[in-house]
Each structure stands twice: as C-alpha cells, then as structure tokens.
Amino acid sequence: MKYSEFLKTVTKCPFCYGIRHRILIENDGAILTYAQAPYHKYHLLVIPKRHIENIKDLTWDENVCIMALIVTGIKALDKLGHDDCTILARDGQALNKSVKHHLHYHLVPGGKIMDVSLEAEVRKMLSDNEEKELKKELKEAAKI
C-alpha cells in the first residue's frame, strides 16, 4: 500500500494510538520504533511519549530520554553495518509533514534520503511479513 493511501485512513495520532506493538525499546519519556513507510529498510523513529508538537516545548528530562534512544538507535544501526546516519527532526507543522502534531526524529542510515519533501506517493508501507522480519532483526541489533 502507498503511504499516501494509508494516511487517508488515519483519524488519530499514529504515535499515540496503535504503536505499542511496534516499540523496540522505551524509557520514561520516549520510544524507539521503526518506520512503517521507510526511506531505508532500517529507518528508525524516536518519538516522545507525550503528545508534543515542538522541540522548544520538551522538558529537560524528555530531551535526555530522546537523546538516549537516538544513541541506542545509532548503535543498533552500526551493528547492522551502517556507520553513518542522518537524523531528521520534523518540528511544528511543517509543510507536507505526514504526522503534523507529534514531534518525532527520523534515524536513516546513509547520507541520502530519497524524498525529504515527504511526497507520500513514493513511499510504501511495509507488508506484515516485512514488518515481522524487520522487528526481529532490529530487536536483536538493539539487544532487547
């Protein structure tokens, strides 16, 4: 399924509802998960647990929790053979931002993100089998 088609079905924040089964690791303030419509096979997301829109509104403790999971994610990517990573934060209500009201950080291996403009027509959702295999591989890399 194309990501653009999936987005039309979303009625609640996808980072607040229906994400529990996709969590790879969590701490008091944030979660580490994988992207359902990835730029790269190992595209990870770090998401504050609190429904928050802007970086400037994070508490100190939330920033610490987020950074801890960014580092954990980068270490997992390194174990999977990716020694470089692009970190992209989608702050506020950026034009074409697919999840408009919940701050999140993308961790994408390599230096090239094919579609930074978020043209959702290009991105495809993971199949159930792809998601199952990816989650197992990522949990092993993160030693969960």
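View 1. The model is predicted: local features need pLDDT of at least 70, side-chain atom pairs count only at pLDDT 80 or more, and totals for chains, interfaces and linings use all residues. Residues are numbered from 1 along each chain as its sequence is written, and side-chain values use heavy atoms, with hydrogens and water left out.

View 2. Helix α3 spans residues 128–141, 14 residues in total, and reaches 20 Å from its first C-alpha to its last, close to the 20 Å expected at 1.5 Å a residue (1.5 Å times one less than the number of residues). Helices are DSSP runs of H or I with at least four residues, strands are runs of E with at least two, and both are numbered from the N terminus. E131, L134, L138 and A141 are the buried residues of α3 (buried is under 20% relative accessible area, exposed over 50%, partly exposed in between, with a 1.4 Å probe and protein chains only). Seen down the helix axis, these buried residues fall within an arc of 95 degrees, so they line one face of α3; the arc is taken from the directions from the axis to the C-beta atoms. On the other side of α3, the exposed residues include D128, K132 and E140.

**View 3. What covers α3.** The cover over the buried residues of α3 includes β2 (30–34), β3 (44–48) and α2 (60–79).

**View 4. H106 in strand β5.** H106 lies in β5, residues 104–109. H106 counts as buried because its relative accessibility is 5%.

Definitions and conventions: Contact = heavy atoms within 4.5 Å.
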